Structure formats: structure tokens, C-alpha cells
Amino acid sequence: MTIENLSINKSFGGWHKQYSHDSKVLNCKMRFAIYLPPQASSTNKVPVLYWLSGLTCTDENFMQKAGAQRIAAELGIAIVAPDTSPRGEDVANDEAYDLGQGAGFYVNATQAPWDRHYHMYDYVVNELPEIIEAAFPVSSNRAISGHSMGGHGALTIGLLNPERYRSMSAFSPICNPINCTWGEKAFTAYLGKDKTTWQKYDASELMRQATQYIPAMVDQGGADDFLKEQLKPEILESAAKVSGYPLKVRIHQGYDHSYYFISSFIEDHLRFHAGYLNK
């Protein structure tokens, strides 16, 4: 597949690069960013952390605001950040921020008009890693992480594909989307009214039934405005206890939902993943 370089910036001895490509899965042009640490070369393939961003974000939010490159360069980990949805004039959209472009929710839509383009699950799990591993000096050792809607995506994708990822983590994830307004709205539109089809994309439901495990960590801000109504980490914790899932949840008092929170603890997450990616 042909990918087009859009920008390149040197950072901590490595390179931040932004690309576009035609996605067969999403039926539109997509954009992603990759940070390649200085250790990456034709003779040294490095592991990859896939980062999934939240509502309204693009590939740029994490790369510009999280401050992850310094530690990624030290640890020798590549970071890949895709856009959060299909985009374009012919791609279905909605006037609200929490549906449509910028709000793909990392599911495979089954309902019109969304089913023509909105297959972010397949894109993240299959198409994007194939492109990354063919075009760059990276290995198939993968971890996955994300924030908010992207935290939901990281956890559900990790839970559904434990053979593909060494570890997973999330900041402020939507832990039980079938029981919050963000998830109910998006899932009704993308998946239809049959709620039994929603459970595949609910981290709490998946964790409660899990029989295969990968290490998991969740960080949540105690002053997050969305904590009670939308995020519900206590439901995820209860689910982990049922299945005995190796989940670590940390509540950080005073922190909110922003990238100030993410940048404060991204080093912990990168070191957490490095412990499994480099084994």
C-alpha cells in the first residue's frame, strides 16, 4: 500500500512522521502519525505502542500534547496514533461532537449510513498494523493504550485480541458504554437497537467473561467531570474481580480529563508497557 508523508520532525533523537493513505477498510483517505525512536533501524526493529485518542481528537492531539517522545526514545518504543474516525465530504457525519467524524468509537458499524465507512475496529486491529509493520522498522510486539473513547477502544481491542498485544492501558476510559449516554448514543447509531450486539464493545462485559489475560492498567482522574456519568471505572474493577483479571486501577485525586492529566502519567504507562514489549 502506498503511504504519503505529510510532515516530519526530529524529536529526542528520533522522528515524528505523519502520513496519509487510502484505507480499504474505511473506504476513505486516512491519516496517522508515528514516532520512531533513535533505536529503530533496518537492522533493529522496535516494538510498537498503538495510541487511540478520544472524542473530537485527531492523530495530532497525543503527539503534540502528551510529551511521550522523550520516554519512548529512552525505552526504544515506537508510537502509532491513528485518527479517531473516517473523514471526508462523502463520509457520514453528525452535528454533535459525540457522533460521526471524530467519534468512531472503535467499532465496526452495521447500520446505514455509518456502515459504509465506520469500521475503526478492523482498521486498528488489522489494516493499520499491516501498513506499519510493512513500511517501518518495527516488530510485531504490540501494546495498546488510549484516552476516554480511545481508552474504551484500547481495552475492548486488547480484551478481544489477547494474542495480538503484550499489554494494554487506558486513561479515563469509557468503561461501561452500554450504560452511559455517550455509548448508548453511538452504539444505537452504529450498531442498531439490539443491545445484545453492543456487549462485544463493552470493556466491563468483556473483562467479566475473560478467560485469557494480558496485563492491564487504568489511570483515572478523581476530579474528572465525566467520571460518574460516563466513565464508571468502578464497574470495570468489579468485572475484573469476577474473572480474576490482572487489572491495576489508580485514581489520582485533583486530576481532570485533559492532557494535563495524561502528560503527568504517560511515563508510567510507557514504562509499564516496556516491561512486556521488551520481554
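**Strand pairing and nonpolar cores in a predicted model**

Trainee: Which residues does Y245 touch, not counting residues up to four places away in sequence?

Mentor: Y245 touches L159, M168, M207, A210, Q212, Y213, I214, A216 and A240, where contact means heavy atoms within 4.5 Å. This is a predicted model, in which local features need pLDDT of at least 70, side-chain atom pairs count only at pLDDT 80 or more, and totals for chains, interfaces and linings use all residues. Residues are numbered from 1 along each chain as its sequence is written, and side-chain values use heavy atoms, with hydrogens and water left out.

Trainee: What makes a set of residues a nonpolar core?

Mentor: The members are buried Ala, Val, Leu, Ile, Met, Phe, Trp, Tyr and Cys residues joined through side-chain atoms within 4.5 Å. The largest such core has 70 residues, of which F105, Y190 and Y245 touch the most other members. Helix α3 (residues 120-135) gives the most to this core, with eight residues.

Trainee: Why is strand β2 called mostly covered?

Mentor: Buried means under 20% relative accessible area, exposed over 50%, and partly exposed in between (1.4 Å probe, protein chains only). Eight of the ten residues of β2 (residues 14-23) are buried, so the strand is mostly covered.

Trainee: How do you know that β2 pairs with β1 and with β3?

Mentor: Two strands pair if DSSP finds at least two bridges between them. β1 (residues 3-11) and β2 have eight bridges, and β2 and β3 (residues 28-36) have nine; therefore each counts as a pair. Both pairings are antiparallel. K17 in β2 stands opposite I8 and opposite I34 in β3.

Definitions and conventions. Helices (H or I, at least four residues) and strands (E, at least two) are DSSP runs, numbered from the N terminus.
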